[in-house]
Amino acid sequence: VQLQASGGGLVQAGGSLRLSCAASGLTLSNYDMGWFRQAPGKEREFVARVSWSGASTYYADSVKGRFIISRDNAKNTAYLQMNSLKPEDTAVFYCAADTTLGYRGTTSTRRESYEYWGQGTLVTVSS
């Protein structure tokens with residue numbers, strides 16, 4: 001089982017990036033998917049979650065209105081479109097899969113709720 005996150009890089013403030021999370025060894029449509037991020041010296045934090053069908057999405061307040069989470073189950077891939085990036089968005093971004101379907105409030109924002117994790121992709125936003 002592997003989740004491969006990609007698409008990170010260096011971008012100026014106000015710019016955009018699109019992260020991808022490609023799955024192998026598991027059928028992504030069986031999982032709700034999440035994105036988390038970890039800035040230097042900080043705890044890993046929830047960013048966004050998408051239901052197994054893509055019909056429902058949830059966001060941290062800090063990214064709401066700027067980031068869009070989506071998925072293409074036919075491609076076994078999840079995405080995070082990041083717009084209007086800010087220097088405080090600088091972090092390693094991780095994708096994760098949750099075998100328990102359906103949003104469960106704060107439980108679904110905890111890293112312990114996700115069984116499979118990608119290796120992370122670094123996003124650096126310069127001012």
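Author: Two strands pair if DSSP finds at least two bridges between them. The model discussed here is predicted.

Reader: In strand S8, which residue is the bridge partner of Ile-68?

Author: Strand S7 covers residues 67–72, and strand S8 covers residues 77–82. Six bridges join these two strands, which run antiparallel. In S8, Ile-68 has as its bridge partner Gln-81.

Reader: In what order do the four strands of the open sheet lie?

Author: Strands of a sheet pair through backbone hydrogen bonds, either parallel or antiparallel. In this open sheet the pairing is antiparallel. The edge strands, each pairing on one side only, are S1 (2–6) and S7 (67–72). Neighbouring strands are turned against each other by 15° on average, direction ignored. The order is S1-S3-S8-S7.

Reader: Which two residues form the disulfide, and how far apart are their sulfur atoms?

Author: A disulfide is a covalent bond between the sulfur atoms of two cysteines. The structure holds one disulfide. Cys-21 and Cys-95 form this bond, and the distance between their sulfur atoms is 2.1 Å.

Reader: Why is the disulfide of Cys-21 and Cys-95 described as right-handed?

Author: The description rests on the torsion about the S-S bond of Cys-21 and Cys-95. The disulfide is right-handed because this torsion is about 70°.

Reader: How many residues apart in sequence are the parts that the pair ties together?

Author: Cys-21 lies in strand S3 (residues 17–24), whereas Cys-95 lies in strand S9 (residues 91–98). The pair therefore ties together parts whose separation in sequence is 74 residues.

Reader: Are Cys-21 and Cys-95 buried or exposed?

Author: Buried means under 20% relative accessible area. Cys-21 and Cys-95 are both buried.

Notes:
Residues numbered from 1 in each chain as written. Predicted model: local features only at pLDDT ≥ 70, side-chain atom pairs only at ≥ 80, totals over all residues. Heavy atoms only, no water. Axes fitted to C-alpha atoms, helices over the stretch in contact; angles between N-to-C directions. Disulfide = S-S within 2.5 Å. Buried < 20%, exposed > 50% of the residue type's maximum accessible area, 1.4 Å probe, protein only.
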